[in-house]
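Dear colleague,

I am handing over the structure below, and after it I have set out what was found. Please read the notes with the coordinates open beside them.

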There are 2 protein chains.
Amino acid sequence: MRSIDEVLLLGPGPSPTSAAVQRAQSRPLLGHLDPQFTPILDRIQVGLRRLFGTNNPLTLPLAGTGTAGMEALVANLVEPGDRVVVGVHGVFGQRFAEAVRRAGGDAVVVAAEFGASLDPDAFAAAIAGGPTRACVVVHAETSTGVLSDLRPFAAAARSADALLLVDCVTSIGGVALDFDALGVDAAFCGTQKCLSAPPGLAPVTFGERALARVAARRAPVPFYFDTRLLTGYFGPDRAYHYTAPISMLYALEAALDELEAEGMVAREARHRAVAASLRQGLEVLGLKPLVPVSHATPMLTTVRYPDGIDDKAFRGHLRQAHRIEVGGGLGPLAGKVFRVGLMGHGAQPANVLRALAAFGDALAAQGRPADVAGALAAARAV
Amino acid sequence: MRSIDEVLLLGPGPSPTSAAVQRAQSRPLLGHLDPQFTPILDRIQVGLRRLFGTNNPLTLPLAGTGTAGMEALVANLVEPGDRVVVGVHGVFGQRFAEAVRRAGGDAVVVAAEFGASLDPDAFAAAIAGGPTRACVVVHAETSTGVLSDLRPFAAAARSADALLLVDCVTSIGGVALDFDALGVDAAFCGTQKCLSAPPGLAPVTFGERALARVAARRAPVPFYFDTRLLTGYFGPDRAYHYTAPISMLYALEAALDELEAEGMVAREARHRAVAASLRQGLEVLGLKPLVPVSHATPMLTTVRYPDGIDDKAFRGHLRQAHRIEVGGGLGPLAGKVFRVGLMGHGAQPANVLRALAAFGDALAAQGRPADVAGALAAARAV
């Protein structure tokens, strides 16, 4: 085990964790059925329900990364032959469509350009185009930084009696969610974005309509992801399904405690304020966000490179000279953008200033001097 | 977050982690592609290969519990209609058979009583009874404490050209494994037994024959468990598959460091010595192991209750009065046995003495006084 030089995590995740979350994780292990441990499971479920904006009893942190949460939705809710409409305007929609196809589903893709918003009318038309069992929207596309207004998609799903499945990996804990009121039937996320717990858990929620679908399945559900077996452990029976990842759950409990102490209204305002501050500073540096503020995610800002700036050298400079991690572009955006995450514990004004100074320096290192002092002043003025 | 009263974990897992492992886990997060982090992945893979006794390039810690490792083997290696012979003499064989059936496989069960060993001749006959694609052996049955000699099963599998899949969740890190020499085609384990890292990771290994089977599949593999996508991240490409559980991997690296410093020969001897010491003490207390020493797991000893001793009260006394966790019986053994794990960091002589004293006290609490002093002396004499 070597020592680690700390890196400021301003990429698309993981985000930095607080000292309290780090400490929580290193507490001595308890058994997964210990009377001191099961109340922690209960508290986590209560906290997650609040964040999803749901009363769904089946709301729990699955052992696995956020991708395991996607797989859990597909494994339980997609059967061979099911028509599933998937909104694809980024890598995470593509992955969901791929997972649906692998489960034998008929993935009907409604596409928009990377960086653009999904067209709700096209989505509704696709749903109406056949007997649609489910539809999928990525709430905050981590590959582009587009935040979708879920309302029109929810209306389209409900009018066709299709389940609405939502990927809220990047949005949860950064913007308030109200999934019961919206009519979201199932959703999944990860812990390493705006929740600021370490990666490795996938909170999921399944509503009544979704569970009725599971109960009526003809095809079996893979063992690991079976909602009925998961409920056996997370519900009052405490029946063994697997050995829960104790220390990760300690960390998640601590992160949820911090979230509750701050309150979701204040937390969303904090994310929006640092995002606005970042945009002001970027403008002075001559750096243009990919997505207009009207439909951009506050927790993740995708920034176009000016012509002639090399992605690898730019991000390498940030990492080596400034010890800052930002994300690169994915798919058609590779080499054309970088992605700045100001998420959870990382969404702090001081991090905006440190990032802007580093961006200016990285531009200068490629022969493009920028007004760093002006950028910092503009950011501070928000 | 409430404070936790430490409990001595002497059940079937999780086992106690060392202070170094706990500290490792609380280090600041790095990005999953950070140049400081990817060498940690490489070191973990080298360490796991050594423990499995394999040169398989595809040897990696999957994000999920041990059960996710089982699911990964099934998801990649079982196709609808495949005939799979599963040795079942405990709960973990039952679960594997169930996972095979859910994947559409034809699970042919070779059963033995809980607590007995599998009959290699019956196993070979089952393999010969049809075109068998794969067969499954649980190396150390955590529900009973039986350790299987894998050699006859490996020979039977090889003679029929069936893949040999092994569950080594409880054995790895407690007894030396030599899976390449044996001819094991794929195996999985967990981190929370004799590796003494927290639960939440599933080390898996897939050999050449297994990967050829994956390449020849007709049915797609679920996204999360796809060995080809996993190889993309864990191999030299470092292609994004999911955000790796950074802090858990820190802990696993530290646990593997401790394992390497001790050496597997010394570690196996330590497990065998404390198990022998426990058995000597149990005998003086009048407590009989379920499994004869000749085919018992050294890391987990299943103990029969004397007539009239109540399981719930016995284990409750250990937990409340002595802050010791042991496991209860599963399936047909529920209420009839308790399970004592002396695993990894927990396999220490002092823990044997503390456990024996507590067992004697728990018997006395139910009106069955026992010779605790004699038990301790007998245990120390080993």
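To begin inside chain A, 22 residues of domain 1 of chain A are in contact with 23 residues of domain 2 of chain A, contact being taken as C-beta atoms, placed from the backbone, that lie within 7 Å. Please bear in mind that this is a predicted model, in which local features need pLDDT of at least 70 and side-chain atom pairs count only at pLDDT 80 or more, while totals for chains, interfaces and linings use all residues. Residues are numbered from 1 along each chain as its sequence is written, and chains are lettered from A and ligands numbered from 1 in the order in which they are written.

The side of domain 1 of chain A that touches domain 2 of chain A is made up of 10 nonpolar residues, 11 polar and one charged (Ala, Val, Leu, Ile, Met, Phe, Trp, Tyr, Cys and Pro count as nonpolar, Asp, Glu, Lys and Arg as charged, and the others, Gly among them, as polar). Domain 1 of chain A spans 19-261 and domain 2 spans 263-380, with bounds that come from an automatic or database domain assignment, and their C-alpha centres lie 28 Å apart.

Chain A also contains an open sheet of four strands, in the order β11-β12-β15-β14, with antiparallel pairing; strands pair if DSSP finds at least two bridges between them, and helices (H or I, at least four residues) and strands (E, at least two) are DSSP runs numbered from the N terminus. β11 (288-289) and β14 (327-328) of chain A are at the edges with a single partner strand each, so one side of each has no neighbour in the sheet. β14(A) pairs with β15 (residues 337-341) of chain A over two bridges, and A:Gly327 has A:Arg339 as its bridge partner in β15(A).

Turning to the two chains, 57 residues of chain A are in contact with 57 residues of chain B. On the side of chain A that touches chain B, the largest share, six residues, comes from α10(A), and by class that side has 28 nonpolar, 17 polar and 12 charged residues.

Chain A can be laid on chain B with an RMSD of 0.0 Å by a turn of 180 degrees and a shift of 0.0 Å along the axis (least-squares superposition on the C-alpha atoms of residues with pLDDT of at least 70 in both). The two copies are thus related as by a two-fold rotation axis, and the C-alpha of A:Gly64 comes closest to that axis of the residues of chain A, at 2.2 Å.

With best wishes
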